[in-house]
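Welcome, and thank you for taking a look at this structure. Please keep the sequence and the 3D view side by side while you read the notes below.

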Amino acid sequence: MEWFARLGIDWLLDGLVRKMLVTVLFFAGARERVGTGRVEVNVSDGSVLGDVVDAAVRAASSGVVLPAGVMLARNGVYVDRSVVVEDGDEIAVIPPVSGGGDDGVVGADRVWVTGDEIVADEVVGLVGSDRDGAVVVFHGVTRDHNEGRAVLWLEYEAYSPMAEEMMSQIIGEMRDRWEIGDVAVCHRSGRVDIGETSMVLAVSAAHRRPAFESALYFIDRLKEVVPIWKKEYFEGGEVWIGETPG
């Protein structure tokens with residue numbers, strides 16, 4: 001009867017520990033190292049984010065080391081590894097971003113990531129009014145060289161919902177610093193050939209200085225925090241831009 005009592009206690013204790021299902025997403029270089037873009041793991045109540053990610057990596061492929069400098073996001077928000085996860089959370093493993101679909105609309109601003117060809121004039125046409133005396137446009141295109149090697153094409157990968165949200169947050173930061181009018185930004189995902197458009201940013205303002213300065217600020221911040229990655233294909237190889245070898 002002792003074994004029966006022990007079995008009953010174990011069953012009871014197991015029932016008291018709440019199990020949760022958490023989804024872990026991997027992007028760009030992290031996805032390639034792990035071998036998959038999505039892992040679902042069952043974890044105990046009170047588990048912290050870092051341990052959940054480690055468990056997902058082990059479940060997908062033993063012995064894998066994630067790229068240096070990865071950041072973690074919980075439900076589209078950057079967080080620390082020590083954050084406690086909840087049932088149904090979506091965790092994103094985000095390697096260093098490189099900067100430079102569905103439409104996202106935030107107030108009068110237009111922010112979206114697309115796999116289709118970008119028509120620059122259509123993006124620029126979304127900004128400006130009779131109150132504005134300046135419209136500054138950044139039109140990013142794929143060049144045929146980088147670091148002394150011939151580039152064949154680029155491939156962009158995006159965590160689109162979070163990318164659009166982070167770009168919208170950057171626009172909010174711009175408005176806190178400068179008096180600007182409308183902002184529109186469209187970023188490509190997928191393959192972008194030489195000479196094709198990778199991103200268009202348009203900012204309107206009453207005066208040229210805030211339009212120029214805020215546009216430059218947006219581009220710098222995009223390269224820091226927006227989860228869009230760039231893979232460069234060149235003669236003899238390929239590399240994720242911004243990823244530290246290791």
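E32 is partly exposed, with a relative accessible area of 40%; here buried means under 20% relative accessible area, exposed over 50%, and partly exposed in between (1.4 Å probe, protein chains only). This is a predicted model, in which local features need pLDDT of at least 70, side-chain atom pairs count only at pLDDT 80 or more, and totals for chains, interfaces and linings use all residues. Residues are numbered from 1 along each chain as its sequence is written, and side-chain values use heavy atoms, with hydrogens and water left out.

**Salt bridges**

- E32 forms a salt bridge with K231, and their closest N and O atoms are 2.5 Å apart; the term stands for a side-chain nitrogen of Lys or Arg within 4 Å of a carboxyl oxygen of Asp or Glu.
- K231, for its part, is buried, at a relative accessible area of 3%.
- Another salt bridge brings together the side chains of R31 and E157 (2.4 Å, N to O).
- In that pair, E157 is buried at 14% relative accessible area, while R31 is partly exposed at 25%.
- The whole structure holds 14 salt bridges.
- R221 and E224 are also joined by a salt bridge, with 3.0 Å between the closest N and O atoms.
- Shared partners link E32, K231 and E238 into one network of salt bridges.

- R221 and E224 sit three residues apart in helix α6, so about one helical turn separates them.
- Helices (H or I, at least four residues) and strands (E, at least two) are DSSP runs, numbered from the N terminus.
- The axes of α5 (residues 160-177) and α6 (residues 208-225) come within 10 Å and cross at roughly 145°; axes are lines fitted to C-alpha atoms, for helices over the stretch in contact, and angles run from 0 to 180 degrees between N-to-C directions.
- Residues of α5 that meet α6 include M166, I170 and M174, and their partners in α6 include Y217, F218 and L222; contact means heavy atoms within 4.5 Å.

**Around Y159**

- Y159 lies in the loop between β10 (149-158) and α5, and Y159 is buried at 7% relative accessible area.
- Leaving aside residues up to four places away in sequence, Y159 touches L25, F27, G76, E90, A92, P227 and W229.
- Although Y159 and I228 are 69 residues apart along the chain, their C-alpha atoms are separated by 6.6 Å.
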